[in-house]
Amino acid sequence: MRVTEHPILGKMDAVREVEFEFDGKPMKGYEGEPIATALMAAGVKVFRYTIKGGNPRGVFCAIGRCTDCVMTVDGMPNVRTCVTPLRDGMRVQTQKGLGAWEETK
Amino acid sequence: MMETEFAVVGAGPAGLSAALEASRTGVQTVLIDENQAPGGQLFKQIHKFFGSKEHWAATRGIDIGIKLLMQVEKAGIKVMLDTVVWGIFDGGKVLAIKEGDRNRRVRAEKILLATGASENPLAFPGWTLPGVLGAGAAQTLVNLHRVLPGTRVLMVGAGNVGLIVAYQLLQAGANVVAVVEALPKIGGYGVHASKIRRMGVPILTGHTVKEASGDAMVERATVIQIDEQGNPIPGTEREFEVDTICIAVGLHPLAELAWVCGCEFTYISELGGHVPLHTEKMETTMPGVYVAGDVAGIEEATVAMEEGRLTGVDVARCLGYISNRKAETLTREIQARIELIRSGPFGEVLGEAKERLIERRG
């Protein structure tokens, strides 16, 4: 849920909306915000599944330290989505285990 | 290889203050931070700080951050963002950095590690489910990025972080169902506790989380009362329907760089665990390598700023930009201010812990 109005911080600054892809589905977010917050605003909570037990994981620290929120972004696995800015046209995928590198053309 | 007199790693309150203090005397200073923006954790602190006027009392962290950044810009300090320091070589003289996609080295005569802290997790069944996150993480998401991690929240820990973040979640429109605290009494300031109590949030002392459960994410939390020994009391379980559990059980120094560069450590639980040994001028056991702020022991941002200044003064003195006498005067002034912040029941404990740390450094 976006916090568009805030008693201390006021209205949100003007932001540019961009489109990105999450597991093949089109989604919208704000340019330059962390990929993680664009997903959370859309209600996504599971970012990856662990290598051993296949258990779900989401954001824990939100400052790029814990690596619980890593996903595959534009074919690159283990991208810390809480500190990686969202760009127009990004392809974001739920990561399974260690993820896999996409063949570069 | 890039060369500079003083390299500061981490552009939070400690790093910014150190860079300003040193560069004002003429020290050539470079400020390095892995984030896209400087300021560290100041920009998520939307509450007013406590203390005296010299310590930014009644000023919000976010406004302190804006002021410090303006001063850094005015001073013409080189700031390298999106730049990760991944190693320190040559006995603490050379930083290995990754600037965007490019690897390079920075040789510096003096280095300050002002890398801050990381939140402690808390293990209980279900603790890894999406929806369990740090209280500081929730604060970042809400105050910096304007996204709520959930709408029904259980806060674990009634220290200042737990109380302040619970209030800030309420401000942002979330429903905080309760704050649980394992200790028999609230750890944070009474003012913060009263604010959330007035909004109808119960603070359950002597309680802890027994379990978080849900299909692929948190759907409920079971809270249980504990006795004085910390054992759960069967039959006292209470269930809360929540989608978010925030963990506010302390922080630990983010000290990897101090470890890899060979600094000696000591364990002091009041300061967050393993802390690099340092002198009262913040120098570690590696000559020319300093620590300041949370990495030197978890305290308030106000102390972090003063520790940064202590470092800046000592660096300026060592490099010959100010006289020993001038440095001595400045150092005494800063130390007197730190003492003032540490007066009071919370600060006293930290001050004593810090004295032990400095004694151990010798």
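How many bridges join β12(B) to strand β13 of chain B, and in which sense do the two strands run? In this predicted model, β12(B) and β13(B), the latter spanning residues 220–225, run antiparallel and are joined by six bridges. One of the pairs can be picked out by eye: Ser213(B) has Arg220(B) in β13(B) as its bridge partner. The two strands belong to an open sheet of three strands in chain B, with the order β12-β13-β14 and antiparallel pairing. At the edges of this sheet stand β12 (207–213) and β14 (238–241) of chain B; each has a single partner strand, so one side of each is left without a neighbour in the sheet. From one strand to the next, the twist averages 30°.

A second open sheet of chain B has five strands in the order β8-β15-β9-β10-β11, and here the pairing is parallel. Its edges are formed by β8 (132–134) and β11 (203–205) of chain B, which have a single partner strand each, so one side of each is left without a neighbour in the sheet. Direction ignored, neighbouring strands of this sheet are turned by 25° against each other on average. Within the sheet, four bridges hold β9(B) and β15(B) together in the parallel sense, and a handy pair to look for is Leu154(B) with its bridge partner Ile245(B) in β15(B). Helix α4(B) packs on the sheet, where it touches β9, β10 and β15 of chain B, and its direction makes about 170° with that of β10(B).

Helix α4(B) deserves a look of its own. Twelve residues, 160–171, make up this helix, and at 1.5 Å a residue they should span 16 Å; the end C-alpha atoms are 16 Å apart, which agrees. The helix is mostly covered, with ten of its twelve residues buried. Just after the helix, Gly173(B) takes a positive phi of about 105°.

Of the 362 residues in chain B, 52% are buried. Among contacts in chain B between residues at least 6 apart in sequence, 64% join residues at least 24 apart.

Turning to chain A, strands β1 (residues 17–22) and β2 (residues 25–30) pair in the antiparallel sense over six bridges. Phe20(A) has Met27(A) as its bridge partner in β2(A). The two strands form a hairpin with two residues between them, and Asp23(A) in the turn has a positive phi of about 50°.

Finally, the two chains meet in a contact that takes 27 residues from chain A and 27 residues from chain B. On the side of chain A that touches chain B, the elements giving two or more residues are α1 (35–41) and β4 (56–57) of chain A. Helix α1(A) gives the most, with three residues. The residues on this side of chain A divide into 18 nonpolar, four polar and five charged.

Notes
Residues numbered from 1 in each chain as written. Chains lettered and ligands numbered in written order. Predicted model: local features only at pLDDT ≥ 70, side-chain atom pairs only at ≥ 80, totals over all residues. Contact = placed C-beta atoms within 7 Å. Nonpolar A, V, L, I, M, F, W, Y, C, P; charged D, E, K, R; others polar. Expected span 1.5 Å × (residues − 1). Buried ≥ 20, exposed ≤ 12 C-beta atoms within 10 Å, placed from the backbone. Pairing = 2+ DSSP bridges. Axes fitted to C-alpha atoms, helices over the stretch in contact; angles between N-to-C directions.
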